Each structure stands twice: as C-alpha cells, then as structure tokens.
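Here is a short briefing on one structure. It is organised by topic for quick reading.

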Amino acid sequence: MVSQQTIDIVKSTAPYLKKHGSQITTRMYEIMFHKHPELREQFNMSDQANGSQPARLATAVYGYATQIDNLPALKSMVEKIAHRHVQTHVLPEQYAIVGESLLHAMKDVLGEAATEEVIAAWTEAYQALSVIFIEKEHDIYSHPK
Ligand code: HEM
C-alpha cells in the first residue's frame, strides 16, 4: 500500500493530468522510443502517430490518480490493460523503463508543478501500480484462457 501522503499528493495532481495528460504521455513515448527503439516493435505505431495510444494511457493514468485509494473501482480497467499487455508480450522488467519515461515526461510537461514531492509521490504510486499489473499479467501468462 502507498502512504497517505502519497495518496494526497497524487490526487492533488489529477487536475494537471486531466489537462495535460495526452501531452505527458505523448512526451513519454517520445522519450521511451528514443532511449529504447527496440520497443517500437511491440507497439502499433499508427496508434502512436494518431495519438490514440497516448490518449488511452493518459486516461488510465488519470483514472489511477483519482482512484488510487479505491482500487476496486479500477479492476475492469486493469484487467483489460493486462490482457492487452499479455497479447503484446509485456514483461515485468519493462515496467521500470515505462516508469522512468513517464516521470521524465511529467517533469518536462508540468515544469514547476512537478515538485520534488510530486515526483517522489508518483514514483511510489507508479511502483505500486506496476506491482498490480505484473501480478495480474503473471496470472494471465500462467493460466491463459
Ligand atoms: C503502469 C504502467 C502501465 C499502464 C498504466 C499502461 C496502460 C496501457 C493502456 C491503457 C493500454 C491500452 C489498452 C487497450 O485499451 O487496448 C496499454 C497497451 C499497451 N501497453 Fe501498457 N501500460 C503500462 C505499462 C506498460 C509497459 C511496462 C509496457 C512495456 C513496454 C507496456 C506496453 C504496452 C503495449 C505494447 C500496449 C499495446 C499498444 C498497442 O496496441 O499499440 N505498457 N497500456
């Protein structure tokens, strides 16, 4: 579980994520594909170009920011994403790459609003969300339906 302080800070960033979400995730993919070009093969690059995948990721990040203290509300979203991740062969060790790129993008887009506290809270929160996905995906990989 994440700390109450992290929950409060993450929730306080929700309005920024609502306003700048796609800008942040577009920047995130730019950083990630630049640093790890081999990951392009896992993604549908036309959904990058037309902005639909950055928009889907932004919706998920915003959903998490608003429901971080009410995880059951995210269950169906997590399941849908986890199934897509398994279809595209996402691996546990890739979560650190996405996390680093996402935090970097938050700093770039939010500027002064991405204070040290905000970054620390999102680092903890992202880590917790990664564990949720990694466990769910482990289940699906082990028991494919
Ligand atoms: C907590 C972290 C993550 C979140 C919130 C997230 C969120 C999402 C969402 C919302 C989708 C779209 C699902 C759909 O409706 O079809 C998606 C798809 C995908 N994600 Fe993630 N993801 C995360 C981590 C990762 C990681 C670590 C990778 C590894 C590279 C990854 C690779 C992919 C791929 C390849 C797709 C399919 C995209 C496509 O069809 O082009 N994701 N993810």
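The model is predicted.

**Ligand shell**
- The ligand is surrounded by 22 residues. The closest are Asn 44, Ala 60, Thr 88, Gln 94 and Val 98.
- H4 supplies the largest share of the shell, with 5 residues.
- By class, the shell residues divide into 11 nonpolar, 7 polar and 4 charged.

**Nonpolar core**
- The largest nonpolar core holds 24 residues. Val 10, Val 61, Ala 65, Met 106 and Ala 125 have the most contacts inside it.
- Helices H1 (4–12), H2 (14–35), H4, H6 and H7 each give two or more residues to this core.
- The largest share of this core also comes from H4, at 6 residues.
- Ala 65 touches Val 10, Lys 11, Thr 13, Ala 14 and Leu 17, leaving aside residues up to four places away in sequence.

**Gln 53**
- Gln 53 lies in helix H4.
- Is Gln 53 buried or partly exposed? Gln 53 is partly exposed, because 18 other C-beta atoms lie within 10 Å, while a buried residue has 20 or more.
- Gln 53 touches Phe 43, Asp 47 and Gln 48, again leaving aside residues up to four places away in sequence.
- Gly 111 is 58 residues from Gln 53 along the chain, and their C-alpha atoms are separated by 23 Å.

Methods. Residues are numbered from 1 along each chain as its sequence is written. This is a predicted model: local features need pLDDT of at least 70, side-chain atom pairs count only at pLDDT 80 or more; totals for chains, interfaces and linings use all residues. A residue is near a molecule or strand if its C-beta atom, placed from the backbone, lies within 6 Å of it. Helices (H or I, at least four residues) and strands (E, at least two) are DSSP runs, numbered from the N terminus. Ala, Val, Leu, Ile, Met, Phe, Trp, Tyr, Cys and Pro count as nonpolar, Asp, Glu, Lys and Arg as charged, and the others, Gly among them, as polar. A nonpolar core is a set of buried Ala, Val, Leu, Ile, Met, Phe, Trp, Tyr and Cys residues joined through C-beta atoms within 7 Å. A residue is buried if 20 or more other C-beta atoms lie within 10 Å of its own, exposed if 12 or fewer, and partly exposed in between; C-beta atoms are placed from the backbone. Two residues are in contact if their C-beta atoms, placed from the backbone, lie within 7 Å.
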